[in-house]
Amino acid sequence: MELLIKNGRLLDGTGADWFRADVAISEGKIVEVGRVSGFHADKEIDATGKIVSPGFIDMHSHSDMTALLYPEAESKVKQGVTTEVVGNCGFTLAPVADDTLELLKRSTDTVTPVSAALTWDWKSLSDYFERVGRLGHSVNYAPLVGQGTIRLSVMGFEKREPSDSEIRKMGSLLRDEIRDGAFGMSSGLVYTPGCFSKTEELVEVAKSMSAEGGLYFSHIRNESSGVLGAVGEAIRIGEEANVPVEVSHVKVMGKSNWGLSSKIISLLEEGRQKGVEVNADMYPYTAGETALWAALPAWAQEGGVDASLARLKETTFRERVKSEMISPREGTQSFVADAGWEGIQIPSVGSGDKAVQGRTMAELAARDGMEPFDRFVKMLLDEKGEAAMIVHSMGEADVSTFMANPLVSIGSDQNGVTPGRGPLGGLLHPRAYGCFPRVLGRYVREKSNLGIA
Ligand SMILES: [Zn+2]
């Protein structure tokens, strides 16, 4: 198939200004760019008045979770995404250890309820992606290995420091994965078990990928009142382990913290002045999405989902959880404290119950005549922890500040899906289909926020 795209304004992805050019494509490859003549195309597209650009890179995606189920990834392709950095926030489906496999499956389901549909016949991430490769897929993947998954495979959900031999084991698992093709390691330091890892542990493990050119991507330890310290920790890990750093889905949660975006940008710039190659990515929305289970304080998640849910039935445990969710301890963050119950919205639950979809926790509590916290616990128990939450906690001014900075790229934070297929029901965060169109529509065309309109 020969294709000619004519008369477009070409942005070639190098950062150069646009220029007017035709693009000739033969059998899936670009064969000529410029004033193309004498090319016999089966199909011509007149791009007059339009931009022609290479496919977008989704810098922060979770499509590895669904790559075996939705290899078509229509939600990505329809936005123009052709490459995704996957395996973010500390969580990946490998490496797998036999004695912690069940724990891995259960925690997978709190984020994306897919474990029952998967065969789990892989051990390493490269094994896993070999299966994805055999299936064929629409989008290219740049995989990261989850630090949480590595730690889980070595130490389970234990809240303690690792021994020297456990550190070595985690380091060698990481190094092997990088040698087999992973691009780096991601951490999710508000989630178990990553939240149990101290900075020194992360430095030691990250050191093992330094010589291999591995990158450190981090969902940092605090995106709320402690965000500056958490950005500092990510940069310190890069500096001490000698690896480049990406601050994942950079944000400021909680109204009382809004405005910290410019200080975060200064920290990133200072990090670069010190010689750490630090960048960040973001999605263009004031609401995020994660597992409802993640709303519990970290210590309440110890031992994994089932252990945690069992303890939630005890009154004294519930009271401790409640007081800390509403007023978190110094240095910790709480999604509920930052967003309020009216800012915690439920897009989907494991049972598929449509009566809760799209409702906030405050609305559900009022509807059912319950206290919001009790309604929250009931949902976790009823759904065995399999429920998602959309968290409305960011300010538009911070989103705009991050968006305008050249150190910040775009990542959807969403896994690829194909409509009408598979076990994932319910509603989706609009970023699933709308991330890149919203950057171009709202932030480039309407607000001129990137200075390139
Ligand atoms: Zn994350």
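Domain bounds here come from an automatic or database domain assignment. This is a predicted model: local features need pLDDT of at least 70, side-chain atom pairs count only at pLDDT 80 or more, and totals for chains, interfaces and linings use all residues. Residues are numbered from 1 along each chain as its sequence is written.

Figure 1. The chain splits into domain 1 (2–52), domain 2 (56–286 + 394–446) and domain 3 (290–392). The C-alpha centres of domain 1 and domain 2 are 34 Å apart. The chain holds 15 helices and 16 strands. Helices (H or I, at least four residues) and strands (E, at least two) are DSSP runs, numbered from the N terminus. Along the principal axes, the C-alpha atoms fill a box of roughly 80 × 50 × 45 Å. The radius of gyration is taken over C-alpha atoms, and the globule rule is 2.2 Å times the number of residues to the power 0.38. For 453 residues, that puts a compact globule near 22 Å; the chain has 22 Å, which agrees.

**Figure 2. The sheet of eight strands.** This open sheet runs in the order S6-S7-S8-S9-S10-S11-S12-S16, with parallel pairing. Strand S6 (56–58) and strand S16 (408–410) stand at the edges with a single partner strand each, so one side of each has no neighbour in the sheet. From one strand to the next, the twist averages 30°. Two strands pair if DSSP finds at least two bridges between them. Strand S8 (residues 140–146) and strand S9 (residues 184–188) pair in the parallel sense over three bridges. Val145 stands opposite Met185 in S9.

**Figure 3. Helix H7 on the sheet.** Helix H7 (residues 227–241) lies across strand S10 (215–219), strand S11 (245–247) and strand S12 (278–282). H7 runs at about 170° to S11. Axes are lines fitted to C-alpha atoms, for helices over the stretch in contact, and angles run from 0 to 180 degrees between N-to-C directions. Two residues are in contact if their C-beta atoms, placed from the backbone, lie within 7 Å.

Figure 4. A residue is buried if 20 or more other C-beta atoms lie within 10 Å of its own, exposed if 12 or fewer, and partly exposed in between; C-beta atoms are placed from the backbone. In helix H6 (residues 199–207), Leu202, Glu204, Val205 and Ala206 are buried. Their cover includes H4, H5, S9, S10 and H7. Ser163 sits in the loop between helix H4 (147–155) and helix H5 (164–179). Ser163 counts as exposed because it has 11 C-beta neighbours inside 10 Å.

**Figure 5. The nonpolar cores.** A nonpolar core is a set of buried Ala, Val, Leu, Ile, Met, Phe, Trp, Tyr and Cys residues joined through C-beta atoms within 7 Å. The largest has 112 residues, and Leu174, Ala206, Tyr216, Val245, Leu292 and Met389 have the most contacts inside it. H7 gives the largest share of this core, seven residues. Domain 2 and domain 3 both give residues to this core, so it lies between them. Apart from it lies another core of six residues, among them Leu4, Leu10, Ala24 and Val52.

**Figure 6. The sheet of three strands.** The order is S13-S15-S14, in an open sheet with antiparallel pairing. Strand S13 (287–291) and strand S14 (344–345) are the edge strands, each pairing on one side only. Two bridges join S14 to strand S15 (residues 388–392). Gln345 stands opposite Ile390 in S15.
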